[in-house]
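Take them in order, with the model open beside you.

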Amino acid sequence: FISTAYILVSLLLLNTNSATAQTTYCPNADFEMGNFNNWLGFTGQFFQLPTVPTPGIVPGRHTIIPSPALPATDPNTCNNLQITPAFVGGYVCQLGNQNTGAETERLTYDIQVDSNNALFVYHYAVVLQDPNHSAPEQPNFRIEAVDSADNPIDSICGSYFVQSAANIPGFQSCGTTRWKDWTTVGINLSAHIGHLVTLKFTTADCSQGGHYGYAYIDCYCIPMEIQTEFC
């Protein structure tokens, strides 16, 4: 049995096209300005623990890709991952790259939550090499939604962490590269109206320095029309 609310929210998320994304209530969350306005970038190293202490957008580690992208598909996924599908609008962000060196990258976006932006929707795709190190040393990707005190606000829709490995649910393989196709998630922020919420996206190479990890992201906000526990 699937509830009516679930069907309606699914349609709301799946049928949102690039035109809707470009009228987002979170300015430039969708990168449609063609730049990183309203985003904060950070970089660092992943040796014993992944840290991203250095603020600033670094070209090549934080990258805006216009649509249509050339090449249109990611070669590290055997050209099966489309870099700029139609739903991302005119631009998408690549966080991280296929270089190595135990690099980590982060992007954060702050939202002062109100009734117009209480549904935050993010799209992401992930590409991780699998060198078969121990789990804590593997390339990885993390998503976090936190309040102003850096406390997690949603353990289901606002939290995601994956370390490269064989047979990860939802991932496909191209040789020793593990990749996840575009996934769409919506976070209900209505309980935080009047407060600040921050979204964090973090990528990391392997800690031994020889293998990469990166992701593609695109986001937008719309009013929360329907209350539901489903994301």
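1. One term first: a residue counts as buried when its relative accessible area is under 20%, and as exposed when that area is over 50%. Please also keep in mind that this is a predicted model.

2. With that cut-off in hand, have a look at E12, the strand spanning residues 177-188. Of its 12 residues, 9 are buried, so E12 is largely enclosed by the rest of the structure.

3. Now the wider view. The protein has 14 strands and 2 helices. It contains 231 residues, and 50% of them count as buried. Among contacts with a separation of 6 or more, 76% join residues 24 or more positions apart. The accessible surface is about 10,600 Å², and carbon and sulfur atoms hold 53% of this area.

4. Which neighbours does E12 pair with? One is E8, which runs antiparallel to E12 over 10 bridges; here Tyr124 sits opposite Thr183 of E12. Another is E11 (residues 171-174), also antiparallel to E12, over 4 bridges. In that pairing, Gln172 has Trp179 of E12 as its bridge partner.

5. Which residues touch the most other members of the largest nonpolar core? They are Phe120, Phe141 and Phe201, in a core of 35 residues. Several strands supply at least two residues each, including E7 (103-112), E9 (140-147), E12 and E13 (196-204). The largest share, 5 residues, is from E8.

6. Leaving aside residues up to four places away in sequence, Phe141 touches Tyr124, Val126, Tyr160, Phe161, Val162, Phe201, Thr202, Thr203, Ala215 and Ile217. Apart from this core lies another, of 14 residues, with Ile83, Val88, Trp182 and Tyr216 among them.

7. Finally, the largest pocket. About 210 Å³ of space lies inside it. Its lining has 18 residues, and those nearest the centre are Ile65, Asp74, Ile83, Gln94 and Tyr216. E3 (62-66), E4 (73-74) and E14 each give at least two lining residues, with the largest share, 3 residues, coming from E3.

Technical notes:
Residues numbered from 1 in each chain as written. Predicted model: local features only at pLDDT ≥ 70, side-chain atom pairs only at ≥ 80, totals over all residues. Heavy atoms only, no water. Buried < 20%, exposed > 50% of the residue type's maximum accessible area, 1.4 Å probe, protein only. Contact = heavy atoms within 4.5 Å. Areas by Shrake-Rupley, 256 points an atom, 1.4 Å probe, with all protein chains shown as cover. Core = buried A, V, L, I, M, F, W, Y, C linked by side-chain atoms within 4.5 Å. Pairing = 2+ DSSP bridges. 1 Å grid on protein atoms, 1.4 Å probe; cavity = no way out; pocket = protein on both sides within 12 Å on 5 of 7 lines; lining within 4 Å. Points joined across faces, edges and corners; volume = space filled by probe spheres on them.
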